[in-house]
Amino acid sequence: MSSVSAKSELIATACSRTAHALDWGTESLIAFGAGSAVALFDPTDVQGPGIHATLQGHTKRVNSARFVRTISSTPMDTIVSASADCTARVWQRTSDSWECKSVLSGHQSSVISTASIELEDGRTIVVTASTDGTLRVFEISSNDSVCVQTVDVGSRSAIDVAITVLPDCGALILATGNTDNCVHLYTRAQVAGEKFTKALKLTGHDDWVTAVTFLRYLDSDTGRTNSTIAHWQAGDVVLASASEDKYIRLWRVSQVTVPQAAGAGQNSDKLAAQAMLDAFATTGDASAAVQLSTRAHVMAVAAHSGEKSYAVSLDSVLIGHDNWVHSVTWTHLDGFPSLISASADSSVIVWAPDADAGVWSSVARLGEAGGAVQGFLGAAVSPSGTRVLAHGYQGSLHMWRAADSLWLPQASASGHYASVQDVCWDPRGNYLLSVSTDQTARLFAPVAKGWREIARPQVHGYDMRCAAFVSPFTYVSGADEKVLRVFTATQQFVASWKVLTHSDVPESELGGLAVGASLPVLGLSNKAVDEEQIRALQEADMNELNDNYYMRQTHTDVVANASMSAATSGEPPLEEHLLRHTLWPEVDKLYGHPYEIFAVAAAHSGDWIATACKASLDKYAAIRVYSAHTWQPPSVRDPNGGEQSVAAMPLMAHSLTITRVRFSPPDDNYLLSVSRDRSWAIFEKTASADVFDEPTGPYRLAHHQMKAHTRIIWDAAWAPDARFFATASRDKAIKLWPTPQTGSPYSAKPMVLTFPEAVTAVDFLPALVRDQRYVLAAALENGQVFVLTAEMEEGRVIPSAWSSFEVSRKDTHVAMVHRLSWRPQSQQPQSSFGGASEEWMLASASDDQSVRILSIAL
């Protein structure tokens with residue numbers, strides 16, 4: 001028997017909704033929190049696979065992910081992640097993989113930020129900040145990790161921490177931004193086991209301090225040519241602090257002699273003071289200047305060479321954001337120190353010292369008006385300073401690349417930011433559709449060297465639960481509402497998809513497709529826009545448009561979106577483009593269910609849709625069947641003898657929520673349903689007709705198997721020849737059942753396949769592979785994925801010998817898997833495993849907010 005192997009093709013997920021979840025290491029490596037994992041991806045490969053690995057170990061959301069840096073701020077191949085599970089983890093790269101080197105525990109509540117530095121003797125100092133009101137200081141060596149100190153900061157906990165080494169004396173300086181609106185400074189010697197002592201509390205911010213970061217300024221020769229920083233001296237340390245008061249403050253830490261320290265309050269730098277006063281004057285707020293203080297604070301620092309004195313003074317105040325500033329980070333542009341800040345005002349600002357004005361000024365404002373819904377939570381910059389990556393409140397990633405004096409947007413990784421409930425392939429296997437409780441539907445397709453999101457056809461107002469393709473360009477989706485919605489592709493999507501994937505489609509299949517779609521102002525449904533509408537509006541007199549509210553709204557909100565040109569560059573679309581210009585129009589709604597939709601399936605023929613909703617009583621646990629041609633229930637003869645046909649009755653069998661419905665391949669002869677009531681039911685096809693004789697229309701109940709499992713049945717799947725089917729249950733078992741035969745009593749016993757955890761998703765490969773083998777994929781509640789194979793046996797309906805292959809945990813999910821779906825047999829890629837193996841793709845959706853595609857070699 002051939003061996004089975006697997007490798008990852010796609011990992012699609014979003015960044016955690018925290019300010020410090022993302023960090024940039026080397027030029028080609030970014031790490032960010034993604035649910036309970038740390039995601040890694042290469043931002044330089046725009047057409048590559050995006051996220052290429054996840055680091056798994058945390059059990060709750062990752063709040064922070066940061067690279068360990070050397071004293072000179074060079075990023076190392078080590079990451080420190082902080083999580084809501086009250087721990088931090090240290091990850092180290094070994095060869096081509098990452099391993100968890102240490103688990104830093106001790107906090108009693110969520111760890112929200114970390115700071116780390118590698119010293120010259122090889123030790124790494126890690127400081128963790130938690131909502132339990134403490135800081136914990138760890139010293140990590142090659143053999144051990146030890147907590148050497150716990151600092152109690154009280155109820156005004158630290159939101160962010162930063163650490164560096166003072167150049168002149170080699171002592172460590174630690175800064176924390178707290179909810180008491182202050183920046184707190186701590187110092188200690190580098191000697192192993194030393195303790196941090198409180199040095200200063202810096203006041204000035206009027207709201208929570210959300211971010212702190214250090215710059216070690218070692219090159220004063222360059223700075224002398226810029227009047228804004230000409231007073232900085234080699235050996236200074238500059239601390240940037242950001243706050244919810246909308247401002248960024250720069251604090252300069254300089255070594256002073258004892259006489260200088262005594263008179264520091266009277267000898268503040270005039271240039272810095274004037275620059276700050278000028279900045280405040282531009283706000284037009286006279287009271288702001290009253291809050292300005294340039295008094296230098298003096299602190300004593302214990303070092304190996306004796307005690308040193310340092311003056312800490314407010315150097316500059318950066319004003320430009322209109323809302324909370326969530327993050328700030330240092331970089332270098334044109335040889336000068338620069339800052340990147342991200343704010344809830346939907347902008348990322350690049351700050352640089354203005355030599356002519358003598359103040360810090362905004363040299364670039366990144367982001368689109370109306371983009372990054374609810375603003376940016378954080379931003380990181382590449383070591384070269386030529387790329388900036390920001391993440392938004394909804395987990396989206398936005399990248400810009402410096403080109404001459406411009407910052408050009410670039411495509412980046414993308415994915416859902418909440419639990420993914422369902423995935424399904426279009427009938428030809430060209431692209432994958434996923435739906436999530438983040439209220440979006442997303443399409444993924446192979447682009448150049450990897451899979452990327454190419455469209456976001458539905459942005460809904462309800463958490464989405466299920467979806468099914470009726471045809472290559474039409475799908476039906478269900479959400480936490482009582483109706484199902486039908487969507488069709490647009491000409492824009494098809495044109496963009498053809499360019500991105502180098503695919504083709506007959507023109508005959510494009511008839512009737514709208515040009516584009518948009519969600520009008522105050523609208524609840526995506527509206528189609530055709531060529532005649534666009535032509536009429538383009539030819540209309542502008543005065544007429546201005547006099548007609550409806551026409552004005554249509555012109556600005558529909559035509560503007562629909563007329564967006566397709567992506568002809570061959571690069572994946574940007575986040576802003578996905579959000580606004582890749583919608584599919586809603587063409588119909590399916591009514592009838594009394595509660596939220598939970599399951600939907602489409603017949604292989606494309607003729608029927610079967611749906612079910614949440615139910616706590618048997619009268620609601622019904623399957624409703626709709627025609628995919630009329631989007632109405634099938635017509636049946638009036639049971640009372642009337643001449644007019646009536647709508648078919650729902651299919652009844654279960655008493656609780658139906659969790660899955662499946663049509664049998666290849667000709668839809670049977671409809672299978674499984675339920676929370678631990679039973680399964682088979683409905684058989686009736687004689688085809690325009691008006692059915694059966695009261696239930698095209699299907700009728702053939703058999704109902706009560707107590708099929710001892711716990712809830714989550715999923716079911718048909719073998720490719722429909723000779724048998726599988727049911728997956730919370731009782732940690734998959735049962736294989738022979739298909740009932742019409743007119744014969746059913747007394748067959750199932751074959752039972754047991755697993756270590758509850759089985760939550762199952763799917764059969766849609767074809768027999770070499771040696772007439774069945775292939776069954778199963779996923780568990782803890783994220784494990786198994787591929788089971790068995791050869792067809794003469795004289796037996798169900799094979800007796802099943803071999804199991806477990807996919808490596810580094811390539812699987814870390815939470816409950818809701819759905820598995822094999823790519824259809826057509827358009828299989830060339831095998832990249834070598835040899836004569838058949839290569840199939842398996843998609844999965846999980847509570848860990850990710851969509852994954854695996855290549856399985858059989």
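Exposed, in these legends, means over 50% relative accessible area. The model shown is predicted.

**View 1. Ser95 in a loop between two strands.** Ser95 sits in the loop that links strand E8 (88-94) to strand E9 (97-104). Its phi is positive, about 60°, although Ser95 is not a glycine. Most residues other than glycine have a negative phi. Is Ser95 buried or exposed? Its relative accessibility is 67%, so Ser95 counts as exposed.

**View 2. Arg678 in the loop between E48 and E49.** Arg678 is found between E48 and strand E49 (680-685), in the loop. This residue is not a glycine either, yet its phi is positive, about 70°. Arg678 has a relative accessible area of 34% and is partly exposed.

**View 3. A cis peptide bond at Pro665 and Pro666.** The bond joining Pro665 and Pro666 is cis, with omega about -5°. Most peptide bonds are trans. Where does Pro666 lie? Pro666 is in the loop between strand E47 (658-663) and strand E48 (670-675).

View 4. Phe683 belongs to strand E49. Its relative accessible area is 1%, so Phe683 is buried. Buried here means under 20%. Neighbours within four places in sequence are left aside in what follows. Ala702 is 19 residues from Phe683 along the chain, and the C-alpha atoms of the two are separated by 5.1 Å.

**View 5. The open sheet E2-E3-E4-E5.** Four strands form this open sheet, in the order E2-E3-E4-E5, and the pairing is antiparallel. Which strands stand at the edges? They are strand E2 (22-24) and strand E5 (51-56). Each has a single partner strand, so one side of each is left without a neighbour in the sheet. The twist from one strand to the next averages 20°. Within the sheet, strand E3 (residues 30-34) and strand E4 (residues 37-41) pair in the antiparallel sense over 5 bridges. Gly33 is placed opposite Val38 in E4.

**View 6. The open sheet E14-E15-E16-E17.** Here too the sheet is open, with 4 strands in the order E14-E15-E16-E17 and antiparallel pairing. Strand E14 (158-165) and strand E17 (197-202) are the edge strands, each pairing on one side only. Direction ignored, neighbouring strands are turned by 20° against each other on average. E14 pairs with strand E15 (residues 172-178) in the antiparallel sense, over 7 bridges. Ala162 has Ala175 in E15 as its bridge partner.

**View 7. Strand E52, covered on both faces.** How many residues of strand E52 (residues 724-729) are buried? The count is 6 of its 6 residues. In a regular strand the side chains alternate between the two faces of the sheet. Phe724, Ala726 and Ala728 lie on one side of E52, with Phe725, Thr727 and Ser729 on the other, and all are buried.

**View 8. The partners of E52.** Strand E51 (residues 713-718) pairs with E52 in the antiparallel sense over 5 bridges. Ala717 has Ala726 in E52 as its bridge partner. The hairpin of E51 and E52 has 5 residues between the strands, and Ala722 takes a positive phi near 60° there. E52 also pairs with strand E53 (residues 733-738), in the antiparallel sense over 5 bridges. Phe724 stands opposite Pro738 in E53. In the hairpin of E52 and E53, 3 residues lie between the strands, and Lys732 has a positive phi near 70°.

Conventions. Residues numbered from 1 in each chain as written. Predicted model: local features only at pLDDT ≥ 70, side-chain atom pairs only at ≥ 80, totals over all residues. Heavy atoms only, no water. Buried < 20%, exposed > 50% of the residue type's maximum accessible area, 1.4 Å probe, protein only. Pairing = 2+ DSSP bridges. Axes fitted to C-alpha atoms, helices over the stretch in contact; angles between N-to-C directions. Contact = heavy atoms within 4.5 Å.
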